[in-house]
Amino acid sequence: MNFAGTLHISKGVTAVIGSGGKTTLLHQLAQELSADGTVVVCTTTHMLPSQTLPWLDTPDKREIGESLMQHPAIQVGRLLPNGKLAACSLSCAALSGLADYVLVEADGAKRLPLKAHAGFEPVIPESARLTICVAGASGFGQPIAQAVHRPEIFCRLTGASPDDDAAAPLVGAALEAEALADIYYVNQIDEPFQLAQAAALAAQLRRPTYAGSLHAGTIQPVP
């Protein structure tokens, strides 16, 4: 299944936000798009580095250009002591002048399947043509306090309490209240009944929604 085609990724800057599979989606898109052009993967916050993409630490334009002549997809960023990558010195707009596609991880979720956003996030580049929000279906039905990064903000958006279950319609209501993305992808759909949960989430949204499993390589529109 082709994620880049299904999500209508165009050349330029694409931002990925949310939880439950952002980094995996970025790496999947990089792999697919590298068959069509050159790709730079980066972050405006912090992200885990790919184990398969070549990495440049705080490169300049010349170094990126030379690397892309040898490798169709690379990642750039400053390595932190915790092993994550931080933003490099070049803006996403500058990177888009060097590569056909720039894929940006624009927030973090502490590895939880769901999240709400504080006022200072996500850090979406002004040059982004598309913003994709990922949500992890494994969080549906778990207590909000356990499944959601920034549960206090989630509760403020939805009127729920931290001990309530993070039901799919409630997650959809929180995403719609934030209205941060152009399209949504519900990841971690491993069982048929979870598609109904994705549909319940999508019913709360005014933007196109897709569902599937990055692990299984599946994606499909949610009616």
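This report walks through the cores, helices, strands and a few single residues of a predicted model.

## Before we start

Because this is a predicted model, local features need pLDDT of at least 70 and side-chain atom pairs count only at pLDDT 80 or more, while totals for chains, interfaces and linings use all residues. Residues are numbered from 1 along each chain as its sequence is written, and side-chain values use heavy atoms, with hydrogens and water left out.

Helices (H or I, at least four residues) and strands (E, at least two) are DSSP runs, numbered from the N terminus.

## The nonpolar cores

Let us begin on the inside. In soluble globular proteins, nonpolar side chains tend to be buried together. Here, a nonpolar core is a set of buried Ala, Val, Leu, Ile, Met, Phe, Trp, Tyr and Cys residues joined through side-chain atoms within 4.5 Å. Buried means under 20% relative accessible area, exposed means over 50%, and partly exposed lies in between (1.4 Å probe, protein chains only).

The largest nonpolar core has 32 residues, and Leu114, Phe140, Val171, Val186 and Leu201 have the most contacts inside it. Among the elements that give it two or more residues are strand S1 (12-18), strand S10 (128-136), helix H7 (168-178), strand S12 (183-187) and helix H8 (193-202). Helix H7 gives the most, with four residues. A second, separate core has 26 residues, including Leu25, Leu26, Leu29 and Ala73.

What does Leu114 touch, leaving aside its neighbours within four places in sequence? Counting contact as heavy atoms within 4.5 Å, its partners include Ala135, Phe140, Ala147, Val148 and Val171.

Helices H7 and H8 meet, so let us look at how they do it. Their axes come within 7 Å and cross at roughly 35 degrees. These axes are lines fitted to C-alpha atoms, for helices over the stretch in contact, and the angles run from 0 to 180 degrees between N-to-C directions. H7 passes H8 in a right-handed crossing, meaning that the near helix is turned clockwise from the far one by less than a right angle.

On the H7 side, Ala168, Pro169, Val171, Gly172 and Leu175 take part, and they meet Gln197, Ala200 and Leu201 in H8. By class, this contact has six nonpolar, two polar and no charged residues. For these classes, Ala, Val, Leu, Ile, Met, Phe, Trp, Tyr, Cys and Pro count as nonpolar, Asp, Glu, Lys and Arg as charged, and the others, Gly among them, as polar.

## Strands side by side

Strands of a sheet pair through backbone hydrogen bonds, either parallel or antiparallel. In this model, two strands pair if DSSP finds at least two bridges between them. Three strands form an open sheet in the order S3-S7-S6, with antiparallel pairing. Strand S3 (46-47) and strand S6 (78-79) are the edge strands, each pairing on one side only. Two bridges join S3 to strand S7 (residues 85-86), and Met47 stands opposite Leu85 in S7.

Another antiparallel pair is strand S13 (residues 209-213) with strand S14 (residues 218-221), joined by four bridges. Ala211 has Gln220 in S14 as its bridge partner. The two strands form a hairpin with four residues between them, and Gly217 in the turn has a positive phi of about 75 degrees.

## Backbone details in the loops

A cis peptide bond joins Glu121 and Pro122, with omega of about -10 degrees. Pro122 is found in the loop between strand S9 (114-115) and S10.

Thr58 has a phi near 45 degrees, a positive value in a residue other than glycine. Thr58 is in the loop between strand S4 (55-56) and helix H3 (61-70), and is partly exposed at 41% relative accessible area. Gln188 also has a positive phi, near 70 degrees. The loop between S12 and H8 holds Gln188, which is partly exposed at 22%.

Ile183, found in strand S12, counts as buried at 7% relative accessibility. Among its contacts beyond four places in sequence are Leu7, Leu130, Ile132 and Pro208.
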